[in-house]
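Hi,

Here is the structure I promised to pass on. Have a look at it first, and then read on for what turned up when I went through it.

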Amino acid sequence: THCISSAASDVYKRQLIYWKQTLAAAIKAPKFTLSFFGPRYWLIWLAVGLLYIITWLPLPVIRAIGAGAGKLIAIIVPKRAKVARRNIELWNPALSSDEVDRLYHENIRRTGMALFETAMGWWWPTWRVQRAFEIEGAEHIEAAKAQSKGVFGMALHNMNVEFACRGIGYSYPSVAFYRKHNNPLIDYLQYHGRNQSNKYMIDKRNAKALLAAMDDKELCLYLPDQDYGPKQSIFVPFGGVKDTATTTATLMFIRRSESVPMLITSQYTKRGYKIKVFPPLLGLGEMEDHAALTLLNEHIDKAIKEQPESYLWMHKRFKTRPSKTSPSLY
């Protein structure tokens, strides 16, 4: 009896320590203030009201509006549109000019839809989010949980990732990094929109907190597929670019935790959306950095090719070059 009581006490103490750490690490929820009704926020409220109304339309209608919004975005920010086209050319040199053109235009349409998918992720009722989602590969998450391990979910920057994060939370509540918005009202809407179905969010610079969450067997989401600059990055192939700046932080998280690493991506379907969980990428942590990140980029490349029009091509993925004398690819 004494042994059982002692074991229960140890479990309780560990849980207490964990929740104290969680409360300390979690981003504090921004509060609503009367200042949000001031003139500086009126245009935001107007846009929010319009978005909210549109999100109540049937999904096919929202997608049609999103396609039109994408064309408008390409006109308003032509430099970003050019970046998207250039990225597609660099990523897959085997594409013909017509194929690049088709993929580019479809990506522009998905870019416009992303605005509404963000609003859908923040404001759609639970029943509607759940009805629009399906999960493929959930057995990989279940297998990790059965081994009493956390999941290091490496998510891709697909256009619909904001909505997907809300969807996955209903089946597997997760922990993720959070970057506060500079505008207080948008930050308020963003935080409370994202936090409806998931556990908690931590500051994007708080790596220790993410490691602690993985050690506590949580599903943690991390995005490893962008150009984060030369610091803590090495140059490995990605698509058609031999030297692509790729963050080594991904390997740090894998090596310093016992979580199971796996890619997670969000894709479009005819009736809504699909979250696809890929098989675990075991062994990455034991490999040398260059080989490990080369292999990871190969898997990311394959995942993107399943639905390349959904990927965030407007980001300058190949901006950082190996040296200051290396010519820009843009």
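A word on terms before the sheet: two strands count as paired if DSSP finds at least two bridges between them. Keep in mind as well that this is a predicted model.

**The sheet**

With that in hand, strand 8 and strand 9 form a hairpin, with four residues between the two strands. Strand 8 covers residues 260-268 and runs antiparallel to strand 9, and five bridges join them.

As a general point, strands of a sheet pair through backbone hydrogen bonds, either parallel or antiparallel.

Zooming out, seven strands make up an open sheet with mixed pairing, in the order 1-9-8-2-5-3-4. Strand 1 and strand 4 (200-203) are the edge strands, each pairing on one side only. From one strand to the next, the twist averages 30°.

Over by strand 4, strand 3 (residues 174-178) runs parallel to it, and four bridges join the two. V175 is the residue that stands opposite Y200 in strand 4. Helix 9 (residues 184-194) packs on the sheet here and touches both strand 3 and strand 4, its direction making about 160° with that of strand 3.

**How strand 9 is covered**

Is strand 9 buried or exposed? Five of the five residues in strand 9 (residues 273-277) are buried, so the strand is largely enclosed by the rest of the structure. In a regular strand the side chains alternate between the two faces of the sheet. Both faces of strand 9 are covered: Y273, I275 and V277 are buried on one side, and K274 and K276 are buried on the other.

**Helix 5 against helix 8**

Next, a pair of helices. Helix 5 (residues 97-123) packs with helix 8 (residues 161-169) at an angle of about 25°, and their axes are 7 Å apart. That makes the two helices roughly parallel, since angles under 35 degrees count as such. The crossing of helix 5 past helix 8 is left-handed.

Which residues make the contact? From helix 5 they are E117, T118, M120, G121, W122 and W123, and from helix 8 they are E162, F163 and R166. Sorted by type, the residues of this contact come out as four nonpolar, two polar and three charged.

Helix 8 is largely enclosed by the rest of the structure, because seven of its nine residues are buried. The buried ones are E162, F163, A164, R166, G167, I168 and G169.

**Two single residues**

H140 sits in helix 7 (residues 138-146). H140 is buried, with a relative accessible area of 18%; the cut-off for buried is under 20%. Leaving aside residues up to four places away in sequence, H140 touches M262, V277, F278, P279 and P280.

I88 belongs to helix 4 (residues 78-91). I88 is buried too, at a relative accessible area of 0%. Again not counting residues up to four places away in sequence, I88 touches L95, V100, L103, Y104 and W313. The C-alpha atoms of I88 and L185 are separated by 35 Å, and these two residues are 97 residues apart along the chain.

Cheers

How values were computed. Residues numbered from 1 in each chain as written. Predicted model: local features only at pLDDT ≥ 70, side-chain atom pairs only at ≥ 80, totals over all residues. Heavy atoms only, no water. Axes fitted to C-alpha atoms, helices over the stretch in contact; angles between N-to-C directions. Parallel < 35°, antiparallel > 145°, perpendicular 65-115°, else oblique. Left-handed = near helix turned anticlockwise from the far one by under 90°. Contact = heavy atoms within 4.5 Å. Nonpolar A, V, L, I, M, F, W, Y, C, P; charged D, E, K, R; others polar. Buried < 20%, exposed > 50% of the residue type's maximum accessible area, 1.4 Å probe, protein only.
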